[in-house]
Amino acid sequence: MSTMGIIFANIYDSSLGELTNKRTMASLPYGGRYRQIDFSLSNMTNSGIRHIGVITKYNYQSLMNHIGSGQEWDLELEEGGLEFLSPYATDHNASYRGKLEALNSAMSFLKYAKEEYVILVDSGVLCAIDFNELLEHHIASGADVTVCVKTGIANGEKQLDMAVKVDKKNAVTDIAVDYCADESYLASMGIFVMRRDRLIREVTEAVAHNRYRFERDLVMHGFADGSLKINAYKFQGVALFNESTAEFFHNNLALLERKIREGLFRRPGRTIYTKVRNEIPSYYGESSEVDDCMVADGCVLEGTAIHSILFRGVKLAKNATVKDSIIMSDVTIGEGAELENVILDKDVVVGAGKKLRGTYEHPLILKRGEIV
Amino acid sequence: MNFLKKHCVAMLLAGGQGSRLLVLTENTAKPAVPFGGKYRIIDFPLSNCVNSGIDTVGILTQYQPLELNEYIGNGQPWRLNRSHGGVQVLPPYAKSKKTEWYKGTANAIYQNIPFIERYDPDYVLILSGDHIYKMDYAAMLRFAEQKNADCTIAVRTVPLAEASRFGIMNTNEDGSIYEFEEKPKHPKSTNASMGIYIFKWSVLREFLIADEEDPTSENDFGKNVIPALLSSGHKLYAYKFEGYWKDVGTINSLWEANMELLGTEPAFELDSDKGGRIYARNYAMPSSFIAKSSSNKDSLIGEGSGIYGDVKHSVISTGCTVEAGAVVEDSVIMPDVVIESGAIIRHAIIGEGCHICRGAVIGGSFAEGEEKKIAVVGKAKTIEANKTIAPGEVC
C-alpha cells in the first residue's frame, strides 16, 4: 500500500498570539531544538512516506528556511519528495478559508500523485506515531475515513476542533466540532487517513457546495448523511496538544517528565529529526547551577536555571536565575536578572538585574528580538 | 570529461594508523577519533578547507576506512556535496598492473595524480588528519602566490628545548627556507613544520614522479620530497602560523586538547566567532536533560545526554548518560557512554559506546605538577561493577 502525506502548516495560528505573529504554527519552536512540523515530517518519513505536501497559507518564510531542501528528513525538494503548496503556487484565489479549500488549491498535487492513500496531519499535536499501524487499522476497519484520537484530552473545558464517540469496534457514533466536549468524548488529533481517490471526490464535491472546513463539512457532513463510514484509531502513546499559549507553555515544561520526554524522543525507529545548526556543545561554568532542565547545544551557562527549557545558543550570565520558563534560541540574559514563568522568544535580550515574572496560567511572553 | 579548473585542491592524509592512540584506534582510523564533545578530528581540517573557500578535497584513507567513509558520506555536513569537486574519499585501488597500498605520504599523492589532474589546479594543499586547529588556508595561499613559492610550509614557533622533536625549517629573513632538519639534535631555529604544505602543482607533480622512480626513497614528504626540492634550488618558504595548533597523536595530547576547550577563556575556542565554524555530522538527538541531582562545573556537555551525577572539568560527548551518584572529573567521555551510579572516573578517556558499571573506579587524582597518567578505556567496552582501572592503565 502506498501512502502520501499532507501537512497543514497554519491551523491554529491565531490562538497562539504573539508566538505565531511572524511564523506558522508548524514552525513554532518546541522542546529546545525542534519546530512543531519536525514531528509530522519525521513521523511520515519514519513510516516510509516519501511524497509529502506542506500546505501553507501565510508567514511561511521561516518554515521554508527551516525545512531547507528537506535533507534532514532524507527528503529532497528537487526530486518531488517534498513540496510546498503555498496559496500563490496555484491559479486559485490566494486566501482559503479552511482545509477543504486548501486541498482544492492543491488538487493537481493530489491528482498527479500515484499513492493509494493520503494521511492528512495538522501541526498542533505533537507525537511519535507509526502511520503504518494507523493505515492497517484503517484498511481492516473498512471505513472511508479514519481519525486518530486520544483519550483523556476532552475535559469539558478545552475546546476541541473535533471530538467523537465510538462503539466497541471503534466505529464513530457521534461527532462534534468546535466543542468543549466532556470526558465521554475522544479528542481528534487532527490526523486523518483516506483513500486518495475518495478524498479528491469528497473535496471537489464539498468545495462546489461552498463547504470549506474539513472536520465540519467533510467528515461530519458525510457522517451525518450516511455517505461516509468513520472509524477512530486510538493512539496509545504520548500526544501533546499545543493549541494555545498556555498549552504550549505547559507542554514544553512537560518534557521535564521522563515518561513524556522518552515517549516523544526515545521511541525505537521513531527518531524526530530537525534542522542542524552546527552549534558547539553547551558550556557549564564554575558558577552554573542547572537543575531539572532541558538544554540544547551552543549555550553558555554561568547562572542558575531551574525547571526550564533552554533552546540553542542561550547565554545565561552569573547570578541570573531562570525558573519555570521557556527560553528560545540565542536569548541573552544579563547578570542578576530574575525570570519566572516567562516565554522568551528568539533573540530576546534581558538586561542585567531585570526582573520578569508571569504565572503558570499566564506566562509572560517577550516577542522575538525584544530588548528589556 | 571536461571539468572546470580549480585554483587549489586539498589532499588530506588520513591513512595513518595512529598506533600511539592505543585502544582508541583499535578499530578506528585516527581522523575518525571523537573530539570535543561532538566532533571528530577530521572535522577540523575539513571545516578549515570550507572556511577558506576550498571546495575540492581528496581524503586519502587506507587504515580502517569504513567508519571514516561512512562519516564523510557525501560531504553534506561540510557543504562539500558538490557536483563538481566536493569531497572524495580516495582509498588505494587496484590498477591494471598491480595493487598497491600507500607506501608513504608522497606515494599516496602520487597514486592519486589522476584525481588531481581532473581539476587542473595551480596549487595543491597537503593536510594531515590528526591536528586540532583553525587556520585560514586562503591566507597561506595568498602568501605562496606573493612569494611565487614552489612550496610553502606552515610553521609555528616551538620552545627551543623541544625543537629537536620536530622537523625544523631554517629560514632567511624573507622567510625563504635554506635548510630543513628532521628532529635535529642541535636545532638552529624554532620554526617547526606543521605538516601543512602548499605546492605549485606543476612542481609537485614532477617531484612525485621522480620520487616514485627512486627505489631508495621512503616516499615521504618530510624525508624525501621537501629535501629534494631544497637541494634542487626550488623556492621554499615558511609561513608562520600564530594560532592554537595541537597534534593529537598521543593519549596525553588528545586529553590535553580536550581540556583546553574548557574554562571561560579556553586556550582553543570552538566558537564560530573565533576563526570560523567547525562543522560535524550531526545525529538527531534531543536536548540534554540536566537533572536536579546533578552538578556540572566547568564542563562541555554534548546533546542527547542525561546528566544525573557530578561532572567537573570534563568533556561529555553526545548521547551519554551519567547516573546519579556517579562522578566524572578531568575526563573525556566519548559519545554514547553510560556511566552507572557510584562509578568514579578521574583523569581518563572513555571510548565511544562504553558501559561503566556501578561502583567502577577508573583513573585517579594527581598532585599539582605531578605527571598526569591518563587511564583509557577502548571503544564499546564494558567495565564491570566495582572494577578498578588504575591511573594510566589502558584497557
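**The interface between chain A and chain B**

Mentor: In this predicted model, the count between chain A and chain B is two salt bridges. In one of the two, K297(B) is joined to E289(A), with the closest N and O atoms 3.7 Å apart, a separation to be read against the 4 Å limit that the salt-bridge criterion sets. Alongside these, 21 residue pairs are in polar contact between chain A and chain B, both residues of each pair being at pLDDT 80 or more. On the side of chain A that touches chain B, at least two residues each come from α9 (258-265), β14 (282-284), β15 (289-291) and β16 (293-295), and the residues of that side divide into 15 nonpolar, nine polar and twelve charged.

Strand pairing also crosses from one chain to the other: β14(A) runs antiparallel to strand β16 of chain B (residues 299-301), and the two pair over three bridges. Within that strand, S299(B) is the bridge partner of Y284(A).

Taken over the whole interface, 36 residues of chain A are in contact with 37 residues of chain B, and the area buried between the chains is about 2900 Å², with carbon and sulfur atoms giving 48% of it.

As for the chain that carries this surface, chain A has nine helices and 28 strands, and its C-alpha trace spans about 65 × 45 × 40 Å along the principal axes. Its radius of gyration is 21 Å, which agrees with the value near 21 Å for a compact globule, because that is what the rule gives for 372 residues.

Conventions: Residues are numbered from 1 along each chain as its sequence is written. Chains are lettered from A and ligands numbered from 1 in the order in which they are written. This is a predicted model: local features need pLDDT of at least 70, side-chain atom pairs count only at pLDDT 80 or more; totals for chains, interfaces and linings use all residues. Side-chain values use heavy atoms; hydrogens and water are left out. Contact means heavy atoms within 4.5 Å. Buried area is the accessible area (1.4 Å probe) that two parts lose on being put together, summed over both. A salt bridge is a side-chain nitrogen of Lys or Arg within 4 Å of a carboxyl oxygen of Asp or Glu. A polar contact is a pair of N or O atoms within 3.5 Å; within protein, one must be able to donate a hydrogen and the other to accept it, and residues adjacent in sequence count only if both atoms are side-chain atoms. Helices (H or I, at least four residues) and strands (E, at least two) are DSSP runs, numbered from the N terminus. Ala, Val, Leu, Ile, Met, Phe, Trp, Tyr, Cys and Pro count as nonpolar, Asp, Glu, Lys and Arg as charged, and the others, Gly among them, as polar. Two strands pair if DSSP finds at least two bridges between them. The radius of gyration is taken over C-alpha atoms; the globule rule is 2.2 Å times the number of residues to the power 0.38.
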